[in-house]
Amino acid sequence: MTELADVPALLLSRIRDVADYPEPGVMFKDITPLLADPAAFTVLTDALAGIAAGTGATKVVGLEARGFILGAPVAVRAGLGFIPVRKAGKLPGATLRQAYDLEYGSAEIEVHAEDLAAGDRVLIVDDVLATGGTAEAAIQLIQRAGAEVCGLAVLMELGFLGGRARLERALGGAPLDALLQV
């Protein structure tokens with residue numbers, strides 16, 4: 001078993017930097033090597049499931065698309081339900097929808113209306129916290145559904161983009177846990 005202090009080093013060693021992707025000047029953090037390594041993926045899942053237990057979550061919300069890959073096994077490991085938050089138009093049936101602004105334009109996310117209710121304590125899981133726009137919209141969506149956001153957990157935080165500061169008020173004191181700071 002990997003020692004707790006070794007977790008960040010292990011995870012970081014399995015993340016590949018891809019220069020100039022998706023556009024010149026961007027250093028993309030590719031997590032697919034981490035996902036392909038069963039030992040590293042298990043360590044990641046266990047670490048995030050520990051965060052879920054510590055928050056008292058009753059459900060895990062994963063943000064499309066890599067939040068699905070991380071959030072679903074975390075929910076299983078923690079014995080919790082998993083709720084996907086999707087891009088607008090991807091879910092059948094009655095949904096709640098939340099719009100948010102992007103650098104150039106806007107987007108919308110949605111969740112099935114019946115998947116969240118009063119009394120639910122929700123941990124949001126995603127791969128990267130960048131500017132915080134999608135996470136902020138997810139927080140608003142969960143709260144509109146009547147549920148409580150008990151935390152946000154990400155594999156890595158790109159601190160230079162200011163997402164944490166943007167989310168402090170929206171989280172209302174709930175923790176924001178990043179396994180890696182980049």
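Which residue just after helix 6 takes a positive phi? Gly172 does, at about 55 degrees.

## Basis of the model

This is a predicted model, in which local features need pLDDT of at least 70 and side-chain atom pairs count only at pLDDT 80 or more, while totals for chains, interfaces and linings use all residues. Residues are numbered from 1 along each chain as its sequence is written, and side-chain values use heavy atoms, with hydrogens and water left out. Helices (H or I, at least four residues) and strands (E, at least two) are DSSP runs, numbered from the N terminus.

## Helix 6

Helix 6 spans residues 163-171, and its buried residues are Gly163, Leu167, Ala170 and Leu171. Viewed down the helix axis, these residues fall within an arc of 90 degrees, so they line one face of helix 6; the arc is that of the directions from the helix axis to the C-beta atoms. Buried means under 20% relative accessible area, exposed over 50%, and partly exposed in between (1.4 Å probe, protein chains only). The cover over the buried residues of helix 6 includes strand 7, helix 5, strand 8 and strand 9 (176-181), where contact means heavy atoms within 4.5 Å.

On the other side of helix 6, Ala165, Glu168 and Arg169 are exposed. Arg169 has a relative accessible area of 80%. Between Arg169 and Glu136 there are 9.6 Å in space, C-alpha to C-alpha, and the two are 33 residues apart in sequence.

## The largest pocket

The largest pocket holds about 1400 Å³ of space. A pocket is an open set of points on a 1 Å grid over the protein atoms alone, where a 1.4 Å probe fits, with protein on both sides within 12 Å along at least five of seven lines; lining residues have an atom within 4 Å of a point. Grid points are joined across faces, edges and corners, and the volume is the space filled by probe spheres set on the points.

Its lining comprises 40 residues, of which Arg66, Val128, Ala130, Thr131 and Leu161 lie nearest the centre. Elements that give two or more residues to this lining include strand 2 (27-30), helix 4 (66-78) and helix 5 (133-144). Strand 7 provides the largest share, 4 residues. By class, the lining has 23 nonpolar, 5 polar and 12 charged residues, with Ala, Val, Leu, Ile, Met, Phe, Trp, Tyr, Cys and Pro counted as nonpolar, Asp, Glu, Lys and Arg as charged, and the others, Gly among them, as polar.

Glu110 lies in strand 6 and counts as buried, at 1% relative accessibility. The Glu110 side chain makes a polar contact with the side chain of Arg97 (3.0 Å) and reaches the backbone nitrogen of Gly89 at 2.9 Å. A polar contact is a pair of N or O atoms within 3.5 Å; within protein, one must be able to donate a hydrogen and the other to accept it, and residues adjacent in sequence count only if both atoms are side-chain atoms.

Lys59 belongs to strand 3 (residues 59-63). A polar atom of the Lys59 side chain lies 2.7 Å from the backbone oxygen of Asp115.

## Backbone features in loops

Asp20 is found in the loop between strand 1 and strand 2. Although Asp20 is not a glycine, its phi is positive, about 60 degrees; Asp20 is partly exposed, with a relative accessible area of 49%. Pro22 lies in the loop between strand 1 (16-19) and strand 2, and a cis peptide bond joins Tyr21 and Pro22, with omega about 5 degrees.

The peptide bond from Glu64 to Ala65 is also cis, with omega near 0 degrees. Ala65 is placed in the loop between strand 3 and helix 4.
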